[in-house]
Amino acid sequence: MMGNMVSVTVIETSSLGDRSYVATDGDVAVVVDPQRDVDRVLALAGRLGVRITHVVETHLHNDYVSGGLELARLTGARYGVAAADRPAFEHVPLADGDVVEVSPRLRLRALATPGHTFHHLSYVLESHSGVEGVFTGGSLLFGTTGRTDLLGEEHADALARRQHTSVRKLADSLPGGAVIWPTHGFGSFCSATQSSGDSSTVDHERQVNPALRLAEDEFVTQTLAGLDAYPAYYAHMGAINLAGPAPVDLRPPSPADAKELRARLEAGEWVVDLRHRTAFATAHLAGTISLGLDGSMATRLGWLVDRGAPLSLVGESLEQVSHAQRELVRIGIDRVAAAAAGTPDELVTDSSQTRSMTTASFADLAAAMRGDRRAPDVILDVRLGNEWRDSHVEGAVHVPLPELARRVEDIPPGTIWVHCGSGYRAAAAASLLARAGREAVLIDDAFAVAEGAGVPLAPRA
């Protein structure tokens with residue numbers, strides 16, 4: 001709670017690493033950067049007993065489909081978007097210095113903070129008490145900043161320089177105690193590096209944030225050097241948000257019986273198993289891909305599957321399917337071809353269609369590398385480039401998970417022991433390898449324990 005009853009409530013979307021916000025004076029509210037499944041926002045407004053009168057976007061998002069347009073349609077709220085983006089739908093055009101008068105007790109002041117995108121805006125929240133904080137979108141994050149290469153590598157350097165300038169302008173224009181409310185940085189690939197902490201102020205960021213501690217050239221060099229690959233579906237999000245997303249559709253997918261699932265699998269379609277990887281390893285339908293709901297399912301699937309390809313979901317329950325569907329519409333995968341719920345035994349036409357997967361720990365890998373058991377023919381690391389460069393198993397082959405489906409032929413013959421950082425991506429990789437006819441062992445373990453378990457790591461460069 002803040003001055004004059006002004007309050008800000010966070011709506012967390014941890015699966016994408018993002019936050020949306022509802023700021024209210026107790027009667028009316030403004031929503032900042034809403035996700036596409038706006039029923040969450042409407043439910044929160046109902047619990048708070050407030051009316052949504054305004055919705056604003058800090059930028060055209062690259063990592064999710066916005067719910068702003070739909071929320072404005074449903075509530076009659078005024079929808080503020082950067083004027084320079086020129087979206088195709090009705091909106092309130094906003095630019096540097098513009099003020100959004102939410103109520104006599106609550107207003108937002110727009111600040112141009114280009115860097116993450118060309119036309120990025122931050123919004124300073126003001127009450128009768130003065131400045132309360134700032135919604136920073138993809139500008140100033142907790143201990144980092146938004147990445148600057150999403151609009152093309154050719155713009156990354158120039159945008160990094162503008163990011164540095166914007167963050168300093170932002171900090172210099174605000175009191176030290178102003179609260180920072182970023183959209184990205186909680187696992188989002190829109191963040192230059194992962195954020196630190198769960199809350200922050202301008203004063204704290206002056207102590208820890210590279211943009212406020214480093215000179216421009218040093219900041220740009222460090223920022224660009226740290227950037228790694230980002231999900232392929234990002235290429236589509238900006239265009240969808242600029243055109244105006246269609247209303248969200250969360251109706252259940254068509255139910256699939258065992259015969260239909262088998263036909264889809266035999267046709268080479270994507271059928272995703274939403275259960276935890278340990279359940280998948282015990283038993284699963286041959287050809288299914290492991291992407292459990294305990295991890296970043298939508299991000300990984302959106303990165304792996306071809307846009308528009310038929311996609312089916314298999315879960316332990318219809319609730320799991322519904323959960324996955326909600327996750328997928330956030331990244332523009334609007335309709336699932338089919339879905340099924342039940343145990344593997346219930347979803348096959350005969351027992352020959354079920355498979356299991358061998359699992360191991362890094363201690364098992366160390367034993368195998370010492371010769372205490374059959375040595376792996378291949379050790380496959382499916383983490384991203386920066387993770388590999390930081391540390392990796394001696395003699396391992398590196399193929400990042402997003403590249404695996406098209407690079408299976410690059411992997412030497414024999415049994416493949418596959419790992420990532422925690423086991424989640426490795427399970428997806430092992431299932432992709434099995435679908436391609438390769439024998440895979442899933443290392444379901446944290447890479448952080450590998451060295452201590454006796455696995456030899458390559459010398460650091």
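First, the ground rules. The model is predicted, so local features need pLDDT of at least 70 and side-chain atom pairs count only at pLDDT 80 or more, while totals for chains, interfaces and linings use all residues. Residues are numbered from 1 along each chain as its sequence is written, and side-chain values use heavy atoms, without hydrogens and water.

Now the overall picture. The protein has 15 helices and 22 strands. Those are DSSP runs, numbered from the N terminus: helices are H or I with at least four residues, strands are E with at least two.

Next, dimensions. The C-alpha atoms fill a box of roughly 70 × 50 × 40 Å along the principal axes.

How much is buried? Of the 461 residues, 56%. Buried means under 20% relative accessible area, exposed over 50%, partly exposed in between, using a 1.4 Å probe and protein chains only.

Contacts next; a contact means heavy atoms within 4.5 Å. Of those with a separation of 6 or more, 69% join residues 24 or more positions apart.

Finally, D381. D381 counts as buried because its relative accessibility is 0%. Leaving aside neighbours within four places in sequence, D381 touches W388, H392, V397, H398, V399, P400 and H419.
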